[in-house]
Amino acid sequence: MTLKLYGRLQSTNTQRVILILKEKKIPYELVEVEFGQNNQPERLQFQPFAEIPYIDDDGFILYESRAIARYLVAAYPEHGPTLVPPPSVGVKAQALFEQALSVEAFNFYPTVSSILMERLLKPFIGQTPDEAEIATLTEKLDTRLAGYERVLSKSKYLAGDEVTLADLFHIPLLTLFGLGQIDAFTNDEKVKKWPSVARWANELVQRGSVQS
Amino acid sequence: MVLKLYGMPVSTCTRRVATVLVEYKVPFEFVSIDVAKGEHKSAAYLQNQPFGQVPYIDDDGFILFESRAICRYIVDKYPAPAGTTPLVPSDIKGKALFEQAASIEYSDFEPYAYPAVREKVFKAMRNLPTDQAVYDSSIETLDAKLAGYEAILGKQKYLAGNEITLADLFHLPYATLLAKAGSDLMTTKGPNVTRWYNELCERPSWNAVKDGAKSFSSY
C-alpha cells in the first residue's frame with residue numbers, strides 16, 4: 001500500500017516531510033486536509049493534537065514531521081541519500097548529529113516560525129503584525145545566527161561534512177525568508193557577520209527548490 | 001577522566017541532563033557556570049558552546065551541548081541499569097514512536113510551558129516586569145495541547161508506549177515549575193495526565209537533582 005501523507009501543501013511541517021520523501025524517492029500519496037479540518041474525529045483518532053501532518057505507512061500511523069522524517073530514513077535505507085550518520089560511525093558522531101537536530105528545533109525553528117507567524121499568518125487571518133515583537137525576535141535570531149556561524153565556519157554542515165536531516169529540516173522555513181521579509185541572508189551588513197551560514201542557507205534553499 | 005557537566009544548578013536544561021546521568025548511574029562532576037556574571041557568553045565558553053547557553057558536557061575531551069542530545073548520548077553510550085528497559089527503544093517502530101513522543105515534548109509542551117514559567121518564575125526571580133497576557137495565552141494553549149496528552153495517556157502508560165522513555169523525563173524541568181508559575185494544569189487537566197505527572201515526579205533520579213544539579217561520584 002502506498003504511503004499516505006495527511007497534510008497541506010502550504011504547511012511547512014507537511015513540506016518538511018515531502019522534502020524527505022522526495023530526497024529518499026519514496027512513493028507517497030498526499031491526502032489534503034483542509035485548513036480548519038484537523039480536529040475532525042476521523043483525524044483526531046490518529047493525531048490527538050489536531051495537527052498535521054501524519055502518515056499512514058501500511059497501517060503504521062506516525063505524526064510530528066521530524067519523527068516521520070527519522071522513521072522514513074530508518075525504514076527505507078536503500079532509497080536515496082542516507083541523510084543520517086550510519087550506525088557504524090559510533091556514539092560520538094551520533095551525538096553530534098542529535099546536537100545538530102536539537103539546534104534546529106530550539107535555536108532556529110521557534111524564533112523563525114514566530115517571525116513568520118507575525119508576518120504571514122496574522123495578515124492571513126485579518127490581524128496586524130506586532131512590529132515590536134518582530135524586532136525582538138529578529139534580535140534573537142541574529143544572536144542565534146552568530147552561533148550558527150561559529151559552527152558552520154568549522155564544518156560544511158551542522159553535524160559535520162555530510163548533509164543530514166539536521167540541515168534539511170531548516171529548508172521549509174528558510175524558503176520563506178523572502179516572503180517573510182527576514183533579511184538575514186539578503187542584507188549585506190548581516191551576511192558579513194555570518195558568511196558561512198549564508199552559504200549554507202542558500203545551498204539548502206536551492207536543494208529544496210530542486211526537490212519540489 | 002570523569003564526565004564533567006557544565007551548567008547552572010537550578011537551570012531546567014542542566015537538571016534535565018543531571019536526571020538522566022543519575023538514571024543511568026553515570027558518575028559525573030558538576031561545574032557551576034556563573035551565568036549571573038555572563039560567564040556563558042565569554043569567548044572561552046563560546047569555544048565549547050557556540051550559542052552561549054547552558055549546559056554542555058566534557059566527556060574525557062568530547063564536548064557536547066543541547067540537553068536532550070546529551071541525554072540521548074548517555075543512553076546510547078551506557079547500558080541501562082540492571083532490571084530497567086533502555087530509555088530509548090531500538091526497534092524501528094518503537095524508536096519511531098519514541099521520536100514522535102520526543103517531538104511532542106518540544107512542539108506541544110515546551111513552547112507553551114516555557115513562556116508561562118519565564119514570565120511568572122524566571123522574570124520574578126530577576127525582578128523584571130512580567131507579561132500577564134503572554135502567561136495567559138501560553139497557559140490557554142498548553143491547556144488545549146494537554147487534551148492530546150490526556151487522550152494518549154488514556155491508552156498507554158507513557159508517551160511512547162508502556163515503558164518510560166526520555167520523552168517523558170524531558171518534561172520534568174518545566175512541568176514541575178508550572179505550579180510555581182501559578183498553574184495547576186498538570187494535576188487538574190485530567191486523570192491520565194495527573195497519573196503520569198505524579199509518577200514522573202516520584203522518579204528517584206529527578207528527586208536527586210530537582211533542587212539543584214550536583215556532582216555524583218558513586219551510586
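Mentor: Keep in mind that this is a predicted model. Let's begin with B:Thr165: setting aside its neighbours within four places in sequence, B:Thr165 is in contact with B:Leu87, B:Pro89, B:Phe98 and B:Ala160.

Trainee: Where is B:Thr165 found in chain B?

Mentor: Look in the loop between H5 and helix H6 (166-169) of chain B.

Trainee: And is B:Thr165 buried or exposed?

Mentor: Buried means under 20% relative accessible area. B:Thr165 has 3% relative accessibility, so B:Thr165 counts as buried.

Trainee: What about H5 of chain B: how many residues does that helix have?

Mentor: Helix H5 of chain B runs over residues 132-152, which makes 21 residues. From first C-alpha to last, the helix reaches 30 Å, close to the 30 Å expected at 1.5 Å a residue.

Trainee: Which residue has a side-chain oxygen reaching toward B:Ala133 at the start of H5(B)?

Mentor: That's B:Asp131, with a side-chain oxygen within 3.1 Å of the backbone nitrogen of B:Ala133.

Trainee: How do I think about which way residues in a helix point?

Mentor: An α-helix has 3.6 residues a turn, so residues three or four places apart point the same way. In H5(B), the buried residues include B:Tyr135, B:Ser138, B:Ile139, B:Leu142, B:Lys145 and B:Leu146.

Trainee: What covers the buried residues of H5(B)?

Mentor: The cover includes strand S4 (60-63) of chain A, along with helices H4, H8, H9 and H10 of chain B.

Trainee: Which residues make the nonpolar surface patch?

Mentor: A:Phe35, A:Met117, A:Leu121, A:Phe124 and A:Ile125 make that patch of about 530 Å². A:Phe35 sits in the loop between strand S2 and helix H2 of chain A, and A:Phe35 is exposed, with a relative accessible area of 56%.

Definitions and conventions:
Residues numbered from 1 in each chain as written. Chains lettered and ligands numbered in written order. Predicted model: local features only at pLDDT ≥ 70, side-chain atom pairs only at ≥ 80, totals over all residues. Heavy atoms only, no water. Patch = residues over 30% accessible without salt bridge, like charges linked within 9 Å, V, L, I, M, F, W, Y side chains within 5 Å. Areas by Shrake-Rupley, 256 points an atom, 1.4 Å probe, with all protein chains shown as cover. Salt bridge = Lys/Arg side-chain N within 4 Å of Asp/Glu carboxyl O. Helix = DSSP H or I, 4+ residues; strand = E, 2+ residues; numbered from the N terminus. Buried < 20%, exposed > 50% of the residue type's maximum accessible area, 1.4 Å probe, protein only. Expected span 1.5 Å × (residues − 1). Contact = heavy atoms within 4.5 Å. Polar contact = N/O pair within 3.5 Å; in protein donor to acceptor, adjacent residues only side chain to side chain.
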